[in-house]
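Subject: Structure handover and findings

Dear colleague,

Please find below the structure that I am handing over to you.

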Amino acid sequence: MHGVGGGKDDGSDAHDHGLNLGFGLDRLGLVTLAHPMMSAVAMLVLAAIAAMGLSALKVDDSLSELFRTETAEFRRYEEIDRRFPSSEYDVLVVVEGKDLLARPQLTAFRQAVVDLQLADGVNGVVSMLSARGRPDAKGYAAPIVPDTIPEGAVYEQVIRDLRSNEIVAGKFLSADGTLAMAVLSLDRETVVRDGARAIVGGIIDSLKKELAQSGLSVQVTGAPVMQLEIRNAVERDQMVYNGLGLAFGAAIALVFFRSLRMMLLAALPPVLAVVMSLGLLGWLGFKLNLFLNVMTPLVMVMGFADSMQMTYAIRDRLVAGDSARDAIAYAVRVVGPACVVAHATALVSFIALLFSDSALIRTFGQAGALATLVSFVAVIGAMPVLSLFVLGKSGASSVGDGNDRAMKSLARFVGHVVDWVTARPVAVSVAGLLLAGVFALVHSTLEPRYRLADQVPDREQALKATGRLDQKLTGANPVHVMIKWKDGQPLYEAKTLAVIAETHRVLETAAGLGNVWSLDSLRRWLKDAGDDGIVNVQRYVKLLPEHLVRRFIAKEETAVLVTGRLPDVDASQILPVVDKIDAALEPVRKANPGYEISVTGLPAIAARNSARLIKQLNEALWVAMALVAVLLGLAFRSVFVTVIALLPSLFPIVAAGTALKLGGEGLEFSSVIALVVIFGLGVDALIHFLNRLSREERVGEDPALAIRRARVLVGPAIILTTIVLAFGLGVTVFSDLPSLRLFGRVCSITLIASLFGDLVFLPATVALARRYWPVKAKA
């Protein structure tokens, strides 16, 4: 009996092939097939338990989690979070208008600020309205902008004083007077209790209400707003990607199999894998985040890749006249072992992520490893039972006569490609090696990149507001210098204040940061007023609102913050600034050994750690490639397989890297994780071909014949699964999250390059290698 496209497939090799490729794990399918009712009940119970776990899934929208490491640097960042109002709870309000400083607009702005101070979850507000004039004879410093805004010449003087005030100019009001910023400090407990969506939504509603008739535009940004937008995007993407990925996979199966039952066979195991995987993650307390957001399409395409191979094999035997049970058993015995190895290679890729210093990346690796195991159970364990119930007793009616044009055309196309390639093995192999070498060189020049904006939806208001702050003020991303000293040493003494002043000066002059805030800001203001003595500084600190004082003085008065702001640029541009700050502070540290002075804040941590973490991930990719090559050699008990697997495994990775380079991009977290994960998934096609080739090769026969038989028998399914994989992960290009769009783009490029390597370079290298490494008789 000839299979689709003319490949000989009489089913005998399911028994006479002595190689136990799946190490016996594929027999799980035979066990469930032998006990279908018991297996079905167990499967339904597990699915129901998993479905309950779905409701336990939460979203982790932390911006700092990516850089969480067991290092002194991150512990310092966490210390700031504990001792000072965290910048992760600051909402920045950006108000713009060419008439911003006109009396009606300023009145509207003032009323909006007053309302914000009374809003739920807001601890306090700092804006240009917080600025005060010089103290009078009794020491009282009146607000520059009074409660009742004056008119005429008095009003003009208020505006002049406001624009020239050191605390306001360039910090809360742009030089041209058209943009103002207000900083809202949120109450952490209220945000945790009521949720960021309610708090931020209330703030936005209040602003729109007060400024609606003013002609002023308003946008909000800051960590809480970004986190909310990330959360919304993650939840929205989950629904979109689940639907699109499943719909496309089902449509492909229906078009090429021309059978609703065959389509169900291909689609149901991935759906079960998704439900069980996400349910398990929910029960184990995992949270969806920027990386785990792609877990659903990953699990779906991982399951679909192997379920399509199983379905194709079942269909082939049904066309040959086998009963449903015999066809399913054949698929388990022939395709099942390759599915075991394919899942094992994907598992290796995820395990490689466990060695990252980043807690977020390790969590992604753990979740991916668990999902891989669940997908294996769904495909090998559950699919035989599903197939038995879907196909019925005979199953022959499920596929008609098998003469569908689409599948036959695909098989003929594969046959033509293989014939052309195997007729020119030297030229194609050399071309593949040269291309891989050139692409590898290009890939090696990729530089690590990280930018906060790439982790946040870029079609929402947070990034637009941040961009306005970058352009009109000095940026929105805080860089902190924390100064600590020994217990018992007073804050209000000349030495401590001098250290604070010198640190403040370093941030302004040596680093060129703008919007620098510290206790020295108050002291400078008092100096302009005529009295910056220690007693007077202490007295005015007590007059300030508590929420404002805690922004730069710890409650215990044993630590202070000096804070500046940076624009949102790539970490490689921030790192020189952070290094410059550290170097400029070194003389201050040496002159004051009793003080611990450290640079921290999310931009500083990102600048220092992003390049290192990305390099670690890139190194993990090469380690995973080596481990997979060894794993394939062990699984097939063949050094030949280890060598042959190198080119088709390497080519798609370096091809994707070259595409990134040509696009002017570098290695980002999302792109390098895409390469690590898709390498594990893309090698699936390689495994199924090698599995089939090992069954088709005959001693003394022309290797081209075995290559053609193997490729024609598995090639159509490989093409279909690659299309499904590329689309299932490629739909992320429609995400509002730039990091996920990049992930989807890299996945699609890698998978397409993988298909090229499997269809063109792999047959050529096998044909060439077999000239010098002939097939030996099986023991």
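This is a predicted model: local features need pLDDT of at least 70, side-chain atom pairs count only at pLDDT 80 or more; totals for chains, interfaces and linings use all residues.

Helix packing

Two packed helices are described by the angle between their axes and the distance between the axes. Helix 3 (residues 36–54) packs against helix 14 (residues 359–391) at an angle of about 115 degrees, and their axes are 10 Å apart. The two helices are therefore roughly perpendicular to each other. Their crossing is left-handed. On the side of helix 3, the residues that take part are Pro36, Met37, Ser39, Ala40 and Met43, and they meet Ala382, Val385, Leu386, Leu388 and Phe389 in helix 14. By class, this contact has nine nonpolar residues, one polar residue and no charged residues.

Helix 3 also packs against helix 10 (residues 260–283), here at an angle of about 55 degrees with the axes 7 Å apart. Helix 3 and helix 10 are therefore oblique to each other. The crossing of this pair is left-handed. Helix 3 contributes Met43, Leu46, Ala47, Ile49, Ala50, Ala51, Met52, Gly53 and Leu54, whereas helix 10 contributes Leu272, Val275, Met276, Leu278, Gly279, Gly282 and Trp283. The classes in this contact are 13 nonpolar, three polar and no charged residues. Met43 in helix 3 takes part both in the contact with helix 14 and in the contact with helix 10.

A residue in helix 14

Leu370 is located in helix 14. With a relative accessible area of 26%, Leu370 is partly exposed. Apart from neighbours within four places in sequence, Leu370 is in contact with Leu280, Leu281, Leu284 and Phe286. Leu370 and Val569 are separated by 199 residues in sequence and, C-alpha to C-alpha, by 36 Å in space.

Aromatic pairs

A search of the whole structure gives ten aromatic pairs. One of them joins Phe651 and Phe761 in an edge-to-face arrangement, with 5.0 Å from centre to centre and 80 degrees between the planes. Phe651 lies in helix 25 (residues 646–662) and Phe761 in helix 28 (residues 738–772), so this pair ties together parts that are 110 residues apart in sequence. Phe651 is buried, at a relative accessible area of 5%, and Phe761 is likewise buried, at 3%. Ring pairs also link Phe651 and Phe761 with Phe439 and Phe756 into a cluster.

Backbone angles

Most residues other than glycine have a negative phi. Glu557, however, has a positive phi, near 60 degrees. This residue is found in the loop between helix 21 (546–549) and strand 9 (559–566), and Glu557 is partly exposed, with a relative accessible area of 33%. Arg637 likewise has a positive phi, near 50 degrees. Arg637 lies in the loop between helix 23 (602–636) and helix 24 (639–644). At 46% relative accessibility, Arg637 is partly exposed.

Yours sincerely

Note on methods. Residues are numbered from 1 along each chain as its sequence is written. Side-chain values use heavy atoms; hydrogens and water are left out. Axes are lines fitted to C-alpha atoms, for helices over the stretch in contact, and angles run from 0 to 180 degrees between N-to-C directions. Helices (H or I, at least four residues) and strands (E, at least two) are DSSP runs, numbered from the N terminus. Angles under 35 degrees count as roughly parallel, over 145 as roughly antiparallel, 65 to 115 as roughly perpendicular and the rest as oblique. A crossing is left-handed if the near helix is turned anticlockwise from the far one by less than a right angle, and right-handed if clockwise. Contact means heavy atoms within 4.5 Å. Ala, Val, Leu, Ile, Met, Phe, Trp, Tyr, Cys and Pro count as nonpolar, Asp, Glu, Lys and Arg as charged, and the others, Gly among them, as polar. Rings of Phe, Tyr and Trp (its six-membered ring) pair if their centres lie within 6.5 Å; planes under 30 degrees apart count as stacked, over 60 as edge-to-face and the rest as tilted. Buried means under 20% relative accessible area, exposed over 50%, partly exposed in between (1.4 Å probe, protein chains only).
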